[in-house]
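The stops below go from the whole chain to single residues.

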Amino acid sequence: MPRLSDKSLLAIAAVVDVALHARGMPVAAKALAARHELPPRHLEPVLQALVHAGVLKGVRGPRGGYELARERRRITVAEVVRVVEAESDAALDGFPPIVRDIVQPAVAEAERAFEAALDAVTVEDLCRSAAQNTLRRGLPEGIDFTI
């Protein structure tokens with residue numbers, strides 16, 4: 001069964017958190033890290049990768065932090081995962097032919113299907129789910145997250 005890495009899950013959570021909490025003001029990395037009970041040093045490289053990829057926008061200054069670089073309906077979960085997961089085209093030279101010729105192509109096909117499923121999920125979808133869930137605690141009622 002395909003499984004996202006902890007780094008991917010953290011990146012997805014960070015983007016959704018920014019989408020939920022950046023209401024006119026950027027979300028500070030320190031506040032984001034505190035909400036997820038993580039040391040900021042674990043979060044910063046992920047946030048910077050998302051900025052470089054154009055998913056998040058970094059805002060400098062004393063009230064700086066992160067905000068979405070685009071509308072949340074235009075950011076997919078698969079895009080976030082692709083940013084933080086280094087595409088490794090590991091050589092299969094050392095593997096037996098059954099792995100290289102049979103197993104790897106089947107696994108690659110399954111991975112493409114999994115990625116296509118993630119492409120169908122947007123940050124907007126996750127924000128709607130969060131709004132219906134207990135993750136919305138601390139957010140003002142009736143807030144409209146549409147950009």
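Colour the protein chain by relative accessible area: buried residues make up 31% of its 147 residues, where buried means under 20% relative accessible area, exposed over 50% and partly exposed in between, with a 1.4 Å probe and protein chains only. This is a predicted model, in which local features need pLDDT of at least 70 and side-chain atom pairs count only at pLDDT 80 or more, while totals for chains, interfaces and linings use all residues. Residues are numbered from 1 along each chain as its sequence is written, and side-chain values use heavy atoms, with hydrogens and water left out.

Show the surface next. The accessible surface of the protein chain is about 9400 Å², and 56% of it belongs to carbon and sulfur atoms; areas come from the Shrake-Rupley method with a 1.4 Å probe, and for residues only the protein chains shown count as cover.

Switch to cartoon. The protein chain has six helices and two strands, in the order α-α-α-β-β-α-α-α along the sequence. Helices (H or I, at least four residues) and strands (E, at least two) are DSSP runs, numbered from the N terminus.

Select residues 6-21 and 40-52, which are helix α1 and helix α3. Their axes come within 10 Å and cross at roughly 70°; axes are lines fitted to C-alpha atoms, for helices over the stretch in contact, and angles run from 0 to 180 degrees between N-to-C directions. α1 and α3 are therefore roughly perpendicular to each other (65 to 115 degrees). On the α1 side, show K7, L10, A11, A14 and V15; on the α3 side, H42, L43, V46, L47 and L50 make the contact (heavy atoms within 4.5 Å).

Now select V15, L50, L56 and V80. These residues have the most contacts inside the largest nonpolar core, which has 32 residues. Such a core is a set of buried Ala, Val, Leu, Ile, Met, Phe, Trp, Tyr and Cys residues joined through side-chain atoms within 4.5 Å. The largest share, nine residues, comes from α1.

What does L56 touch, not counting residues up to four places away in sequence? Its partners are V15, V18, L47, L50, V51, Y66, E67, L68 and A69.

Finish at E37, in the loop between α2 and α3. Phi of E37 is near 55°, a positive value in a residue other than glycine. E37 is exposed, with a relative accessible area of 73%.

Definitions and conventions
Angles under 35 degrees count as roughly parallel, over 145 as roughly antiparallel, 65 to 115 as roughly perpendicular and the rest as oblique.
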